[in-house]
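Please keep the sequence and the three-dimensional view at hand while reading.

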Amino acid sequence: MRNLIAKFLILPFAFCLLPTFAAAHTFHTSLTRMDYNADEKTVEITIQVFAHDLETAIEKRAGKRVNLEKSPDATKFILDYLNERFALKNKNGETQKLAWVGKEQSADSIWIYAETKAPEGLENASLENRLFFELHKDQVNLVTCRISGNKQDFAFKPGDGAKKIALSVKK
Amino acid sequence: MFVRRCFIFALIALFSIGAFAQSKSKPSDKFRQLEEDLPTPNEYRTASGAPGRGYWQNTADYQIDVTLDDVNQRISGRETVTYKNNSPDALEYLWLQLDNNIFAKDSLAQKTQTAPEFKNVPLTAVEQLVQREFDGRVNITEVTDAKNNRLRHTINETMMRIDLPTPLAPGGTFVFNVTWNYAINNQRIYGGRTGYEYFPQDGNYLYEIAHWFPRMAAYYDVYGWQHKQFLGAGEFTLEFGNYTVRITTPNDHIVSATGVLQNPAQVLTAAQRQRLQQAATATQPIKIVTQEEATANEKSKPTGTKTWTFKADNVRDFAFASSRKFIWDAQGHNVGGNRVMAMSFYPKEGNPLWEKYSTASIIHTLNIYSRYTFTYPYPVAQSVNGPVGGMEYPMICFNGPRPEPDGTYSAGTKYGLISVVIHEVGHNYFPMIVNSDERQWTWMDEGLNSFLQFIAESEWERNYPSRRGEPQRIVDYMASEEQVPIMTQSDSLLQFGANAYGKPATALNILRETVMGRELFDHAFKTFAQRWKFKRPAPADFFRTMEDASGTDLDWFWRGWFYTTDNVDISIENVRLYQVDTRNPDVEKGIQRQESESRRQTLSNQRYESVPKLVDQNPSLRDFYNEYDPLNVTESERQAYQQFLATLSEKERQLLSGGYYFYVVDLKNVGGLVMPLILRVEYTDGTGEEIRTPVEIWRFNNFNVSKLIVTKKEARSIVLDPNFETADINLENNYFPRRPIKSRFQVFKQAQQQERPTNPMREATRQKTQSETGTRPQ
């Protein structure tokens, strides 16, 4: 059993295990769209999350209250969190760092825009999306990946690792 | 009439299929009637969707004494329940809900949780994993009949069965008593639709107390006893009844509860009573307890207890809130002739947001919802701020949003509060009065309520940032994987919010705006609400009433939107143009000449144009055929045309020379849901026209149809769903000729690149917005 043991951090900042937004928000989902831009050889990523979830996740990481609309560090916080939990890996298994494009906020959702270079395309690349798994046991992260008019859907649930992208860029 | 084909638009599709070509291999079933899936109508529920002549429901009246222990955070109570069996069946036992058992240490909900992810685990969570000390189990200490004889009872998790000494006959009444107590959950740690919040700064507690007493489970004609275990997602359905509840709390608490306070003289100060009277006719919320008074009260120590008595008639549940921290405002309002007291209760942590928006949102909700359903029938409507994010009970709801400690708040928090108050107050209509079975069907109350919430938000302010209702906003969900149909039991829903709130709300909005029109829809929707007010409808009753009252066959809509996970993706595959052959040789041969000449301009011909030709150098080689042009009009052709014209009436002659364009638009149903076709034709002269075709165009072939558009103008382009009203998930195939569609990412990135920090207007707007939403209003 010993080799199966993994250390995990305990954070002093108290947060609820099951944050509840009863009738208004008892569900835990994020929606991501990834498009391969063949001209720029980049991957364009749009992630829609609940503002409440993102704030809770980032506060937990930072160990303090964070207002994502006002904090000057919001961009850094979000990007760090994304890079920790959202990984696009190239065919050699190397994680591509995400670059910040921007964010938009509505009543309760935040759209995060990020991109990453993929000069070799996405052949044999893989994807991992563990957003909010540390908060919600019933989190489902849906990802739609589009390359040259073809589409692949993914659903990531706690316990899921990286999944292979089975789409190729038309030559 | 002779028709000629003329290729103005390039053919995009490789093949085009005639209207009937596929119906043999792919059975057309999208319009198949629903009656084989819906329950057979009977004397309880009619085929028109109304309660039948034998409709019945049982009632439960409650007399409850409850004590809130603020020192140990416990509830203890004793109730007398008068249960009336209006069913045609003799009942051997009664089932009661003990929903608070969800907080038992070993509850079904606890035991069936899956493992957490081990990475950066918060301390409180570890504590729970290692040793959860809190046990919120309900201790039932006594169950007796009216003569205080003990009754046999059995507890199965969140349900309790009381065995009756003799079966309760139809029409009979059974009176029994239950005594119980339990520890209240810290909502901030254990979550839930009830619980307390502790404020370490001032050492006080705020309680939002719900499903706190053993409640009669519903017994009804569709399911018998509704005793599906409470796992947290599927909420409740209960019996209507009259309540008298006496709530004993520390004597410095303010209590808000379902119903009307019966003994203000004993629990309120003279000043508070006088302010309440003033509030009844006020045009602005009046403070019954001001922030200064509430803040001063935070430092108070109780010197005893007070008992608040509330009465509520014809409600299906009862909840309350209590704290010494409460600020309290109230405003009387006339809703369609019914005087309602709209009231809000919140700690100072909720201000300045709550005093500005909570009561105003309650009143707005009552106005809008009453217009589309029935007049709000209860005397009070209350909104309470506490730990619960958003949860509804009759006449009272719990709402979470609060500003920052410095009093500033984001736009998200502001609209989050207004929206959640509208939503939770709106739940008075669905399901508190139209008493659908939430444990079975979440969409029946959440979907209908979210739909009306969208209307209320649209009438709150222009461009209100509504989350649900607009078809465009459901597109990502509709396109996604991992879905179940709306008609799925509450505890098994995937993507709960989008499935049970967003999709049905959007579907109803589409039904109203695109399929039926507002007049037919609103009448049918209101008919449903009025038929089932204070009764318990099932899904079929809704489907049937909407059709019955509007005279519209909607089986295809319910089938597609509620029973499948198909989406709307209709594609313009091809557009063909036909024109009338005028048979006028001067016109027709002229067109033929144009075509043949344009085809002759090949690259070789162009290059040979200037090369000297032999027949020019040696004219003796020329003969008749060098001069003959088959496209020259001959006199005999002209005569034949004139003879043809003479056989036509004047009207027929006009048709022939009218210059009509016949566009045939070939459409393909890619996503599976059939929908009305909304086509916008843009003409070469810069004008345009919208052509709306009812969904029945798909009835013979659910996958491919061709729509004919007759016009006197030449079309430049055709757009499907130009107003984004059908939730079409793929816009790329909605254009002819095709247009590239920018993704949300590209639109955003482009806007970013265009943004200049020197843009004074944007900068000013931004600063203005910041000062409006970022600073405390004076």
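Chain A of this predicted model contains two helices and eleven strands. Along the sequence, these elements follow the order β-β-β-α-α-β-β-β-β-β-β-β-β. The chain has 171 residues, of which 42% are buried. Among the contacts in chain A with a separation of 6 or more, 59% are made by residues 24 or more positions apart.

Thr116(A) belongs to strand β7, which comprises residues 109–117 of chain A. When neighbours within four places in sequence are left aside, Thr116(A) is in contact with Thr42(A), Val43(A), Leu88(A), Gln96(A), Lys97(A), Leu98(A) and Ala99(A). Leu131(A) stands 15 residues from Thr116(A) along the chain, and the C-alpha atoms of the two are separated by 18 Å.

Thr67(B) is located in strand β2, residues 59–69 of chain B. With 17 other C-beta atoms within 10 Å, Thr67(B) is partly exposed. Apart from residues up to four places away in sequence, Thr67(B) touches Ser76(B) and Thr248(B). Between Thr67(B) and Arg512(B) there is a distance of 48 Å, C-alpha to C-alpha, and a sequence separation of 445 residues.

Attention may now turn to the nonpolar cores. The largest of them has 168 residues, and those with the most contacts inside it are Ile247(B), Trp328(B) and Ala381(B). The element that gives the most to this core is helix α12 of chain B, residues 496–516, with eleven residues. As for Ile247(B), its contacts beyond four places in sequence are Val66(B), Leu68(B), Val255(B), Ala257(B), Thr307(B), Trp308(B), Phe310(B) and Phe320(B).

On the side of α12(B), the contact is formed by Leu511(B), Arg512(B) and Met516(B), which meet Arg518(B), Leu520(B) and Phe521(B) in α13(B). Four of the residues in this contact are nonpolar and two are charged, while none is polar.

Another pair in chain B joins helix α8, residues 411–426, and helix α10, residues 442–458. How do the axes of these two helices cross, and within what distance do they come? They come within 9 Å and cross at roughly 135°. The two helices are therefore oblique to each other, and the crossing of α8(B) and α10(B) is right-handed. From α8(B), Ser419(B), Ile422(B), His423(B) and Gly426(B) meet Asn449(B), Leu452(B), Gln453(B), Ala456(B) and Glu457(B) of α10(B). By class, the residues of this contact comprise three nonpolar, five polar and one charged.

Note on methods:
Residues numbered from 1 in each chain as written. Chains lettered and ligands numbered in written order. Predicted model: local features only at pLDDT ≥ 70, side-chain atom pairs only at ≥ 80, totals over all residues. Axes fitted to C-alpha atoms, helices over the stretch in contact; angles between N-to-C directions. Helix = DSSP H or I, 4+ residues; strand = E, 2+ residues; numbered from the N terminus. Parallel < 35°, antiparallel > 145°, perpendicular 65-115°, else oblique. Left-handed = near helix turned anticlockwise from the far one by under 90°. Contact = placed C-beta atoms within 7 Å. Nonpolar A, V, L, I, M, F, W, Y, C, P; charged D, E, K, R; others polar. Buried ≥ 20, exposed ≤ 12 C-beta atoms within 10 Å, placed from the backbone. Core = buried A, V, L, I, M, F, W, Y, C linked by C-beta atoms within 7 Å.
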